[in-house]
Amino acid sequence: MTDGIILAYLGAALAVGLAGSGSAIGVGIAGTTGAGIMTEDPGKFGLVLILTAIPGTQGFYGLIVGFLVLTKIGIFSGSPESLAIDQGLQILNACLPIAIAGFFSAIYQGKTSAGSIGLIARRPEEAGKAIILPAMVETYAVLSLLISILMLNGISI
Amino acid sequence: MQKYINERSNTQEEYGYACARIKVLEKSLLNQEVLDKMIDSSNLENAVKMLSERNISEYIFEKTEPSYIDQSIKKILNQTIHVIHEISPYSYLPYILNLKYDFHNIKVLLKSKFLNKKEPYPVYEFGNISLDFLKFAIFEDKFQTTPIKIEKMIKKCQEYYIRSDDLEGIEILLDQGYYRLLFETLDSIEQPFLSYFYKSEIDLLNIMIACRAKVRQLNKSRLNDILIKYGNFHPTKIAHIYENSIDSWINYFKKSDYSVIVEKGILFWQQENSLLELERLSNNYLLDLLKIGKAITFGIESIVGYYYAKQNDIHNILTILNGKRYSLPIQMIRKRLRNSYV
């Protein structure tokens, strides 16, 4: 196995691992708050579920980038490409946007979702606005996903 | 509101579950509209009916007798404390909130003992220390089940009473003991909001004590003895201005957070010879302080806010129901009401 492949693996691992960890933390924060609401008002389950699930998307974005990396280096075809160190570094760098932004945005989205869950507890009629607030945090995760994909596409192997 | 926000505000994620539950429970608090309807109702029965119309089970009173209402109110308080106990991630908050009931019970039991009064005692069935344990300690001198600090406090009060025969002095000793124990607990936890809140409470209490002392024409050194420590204004500062004219008190507090309360409260006192406005404004100030809890998703502020909001509701319900019971004029009832939390 070449050094380039090791760096590419590291990139894929960071994209999936960090974005997934951020999502787990974010969903955990929102879920705890959601449980509090449902203890008193189980009828809010539908809205709480949506708001709790929103911070989970970063984990999927990380998975997409990780999958693209593995496809690019030929893992699924059974014969991995032989990569030079600079190619491996390029892949690692391409994974960083979604790894870093995915991790932090998921945590902060979890907190915003928790705030929105509090909002629907008091004013269920404001559910639409409550969903918009955490969705705004999502923008930055989507932007980082986009850059990661564009950077990966620009790497020639 | 910003000045009450500190570095720990909205960062305590362990309170997420509790805050969420509180957000739902807050919906059962009384708003100004309900209070107005109760005040405008023609008699006590209609006021109780207005309250019941909100369909909140704990506010449905089946009878209007004072003893029944009193028991129902104690039940509401007990339930509130029970919920807080259930949702608090740490045990210190229920402990702090219960401390007041412990000291109330000690006061009542000690007075009953000294005055040879028989049961029933107007005590709370809840608190950090079981009522039976307190009775054992106070009536039978059996302190095995009483915390050592409380034991010392009770013994100190008993010795003081034997020496002085002064029941008011016992109250002062216990009030000071309550705040000492409270601040010992606050010093051991990192909750700047709680410290800020209780310091403000002490400041306002000390202003009220100074006014009452003035009415009773107590001297400066006696006032110094009865003022509570631990506030933002040291008792010696308050004692220092005590002998000056009342108008100079307004100037002294002008640059503080309490300037409006002191100014309006003292003006009302001078005009109406009553401290009612000062008390009402003080309570409203503390309630405003707690309203930050409504905007917090991760913090102790929401729970403390809800607890005091519930107490506020109880005060307002009792004020209206007692006003209706004794057919007081609507304006008089209104003057005694506190603002609504919601």
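Good morning. Chain B has 16 helices and zero strands, where helices (H or I, at least four residues) and strands (E, at least two) are DSSP runs numbered from the N terminus. The radius of gyration of chain B, taken over C-alpha atoms, is 21 Å, close to the 20 Å that the globule rule gives for 342 residues, so chain B is as compact as a globular protein of that length; the rule is 2.2 Å times the number of residues to the power 0.38.

This is a predicted model, in which local features need pLDDT of at least 70 and side-chain atom pairs count only at pLDDT 80 or more, while totals for chains, interfaces and linings use all residues. Residues are numbered from 1 along each chain as its sequence is written, chains are lettered from A and ligands numbered from 1 in the order in which they are written, and side-chain values use heavy atoms, with hydrogens and water left out.

Along its principal axes, the C-alpha trace of chain B spans about 55 × 50 × 50 Å. Of the 342 residues in chain B, 54% are buried (under 20% relative accessible area, 1.4 Å probe, protein chains only).

I turn now to one helix pair. Helix α5 (residues 92-114) of chain B packs against helix α6 (residues 131-140) of chain B at an angle of about 40°, and their axes are 10 Å apart. The crossing of α5(B) and α6(B) is right-handed.

In contact (heavy atoms within 4.5 Å), α5(B) residues including I106(B), L109(B) and L110(B) meet α6(B) residues including L134(B) and I138(B). Thank you.

Note on methods. Axes are lines fitted to C-alpha atoms, for helices over the stretch in contact, and angles run from 0 to 180 degrees between N-to-C directions. A crossing is left-handed if the near helix is turned anticlockwise from the far one by less than a right angle, and right-handed if clockwise. Buried means under 20% relative accessible area, exposed over 50%, partly exposed in between (1.4 Å probe, protein chains only).
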